[in-house]
Amino acid sequence: MWAVEGQWWAEFLSAVLRAATPLVFCALGVLVCERAGILNIGVEGSMLLGALAAVLAAVYSGNPWMGVVAALGVGMLGGMILALLTVYLPADQVATGIAFNLVCLGVTSFVYKLLVLGGVQLMAPALRAVRAPGGPVSLLDLATAVTPLTWIALLLVVLIWIFLFRTGPGLLWRSMGESARAAHAAGLDVHKVRTVAAVVGGLLSALGGAALTLGWVPTFTDNMTMGRGFIALAAVYFGRWHPGLALLACLLFGAGEALAFRAQALGAGLNPYYYLMLPYVVTLVAVGATGRAIGPRDAGKPYPRG
């Protein structure tokens, strides 16, 4: 009995880690941007682009790591587009992010339908876990039942925390989000740093899409992110713009998604859409319980050139 219960919990925890991995990448992308003063509302669109690019590259190359590289490429391109619009024009960051999401949704839906009509099977070779999930019962088995992207995401949480809160350049980076004018007066190039932040945010968000299609669900469907980018935004809000706390929030929301899939598999006579609501209900409850959170003061405020 204890062995069965231990196996269930270990499998559930590995499912939580796999479900939370895409959210962690996207939350880090949002956090890095907002700490530099950029509202990364376009995280959902970047995630969709990364998910589709990862599947296509993995399908045609037969190598899932080529899918990761392709996701990084489209993430960089998306970040550069957002940087051009929000840093150098500068357009309203909220409106630009929403428009970017809609354009990405339209583009990915169009490409997906063309591929389906063309008979292309979008079943990508998934990134393999170090150990196949055949009943993990120990912490070592749990650690090896997830894909390498999960460990990359956890490592990035630590590295970004060290950079932002334990280094001089990280302090200067955060100053961009608190007071761009003061950062400029100190001799920093606000537009260059924010451009880098937008590109890094795009890279991480697209990597979240790759983690979704190569490490969690090895296929692509129309609008498959289903608002996960906005859940990542909520995780940053819930985590008070701190990498460690944002990770905990992503694990909480990932637990809601993993529980929804397991409850749906067990079946209880309920409509399956009720189970699919669970991660979003958890998100709403968590954000509502958090109360008002105060983020970087200059996030979303354009800084004039010249």
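Predicted model: local features only at pLDDT ≥ 70, side-chain atom pairs only at ≥ 80, totals over all residues.
Before I turn to the structure, one convention for what follows: Ala, Val, Leu, Ile, Met, Phe, Trp, Tyr, Cys and Pro count as nonpolar, Asp, Glu, Lys and Arg as charged, and the others, Gly among them, as polar.

Let me start with the cavities. The structure holds 4 cavities of 30 Å³ or more, and in the largest cavity there is about 60 Å³ of space. Helix H3, residues 64–88, and helix H4, residues 93–117, are the elements that give two or more residues to the lining of this largest cavity. Under the convention I began with, that lining divides into 6 nonpolar residues, 5 polar and no charged; among the residues that line the cavity are Cys-33, Asn-40, Gly-42, Thr-86 and Gln-93.

The largest pocket is my second topic, and its volume is about 280 Å³. Of the 15 residues lining this pocket, those closest to its centre are Met-224, Met-226, Arg-228, Glu-257 and Phe-261. The lining divides into 10 nonpolar, 3 polar and 2 charged residues. Helix H10 (228–238), helix H11 (243–266) and helix H13 (278–290) each supply at least two residues of it, and H11 gives the most, with 3 residues.

Now to the core. The largest nonpolar core has 61 residues, and those with the most contacts inside it are Val-24, Phe-25, Ile-160, Leu-214, Phe-220 and Phe-253. Helix H1, residues 2–35, contributes the largest share of this core, at 10 residues.

Is Thr-219 buried or exposed? Its relative accessibility is 17%, and since buried means under 20%, Thr-219 counts as buried. Not counting residues up to four places away in sequence, Thr-219 touches Val-55, Leu-122, Met-123, Thr-213 and Met-224. Finally, Thr-219 and Leu-56 are 163 residues apart in sequence, yet their C-alpha atoms lie 9.6 Å apart in space.

How values were computed
Residues numbered from 1 in each chain as written. Heavy atoms only, no water. Core = buried A, V, L, I, M, F, W, Y, C linked by side-chain atoms within 4.5 Å. Buried < 20%, exposed > 50% of the residue type's maximum accessible area, 1.4 Å probe, protein only. Helix = DSSP H or I, 4+ residues; strand = E, 2+ residues; numbered from the N terminus. 1 Å grid on protein atoms, 1.4 Å probe; cavity = no way out; pocket = protein on both sides within 12 Å on 5 of 7 lines; lining within 4 Å. Points joined across faces, edges and corners; volume = space filled by probe spheres on them. Contact = heavy atoms within 4.5 Å.
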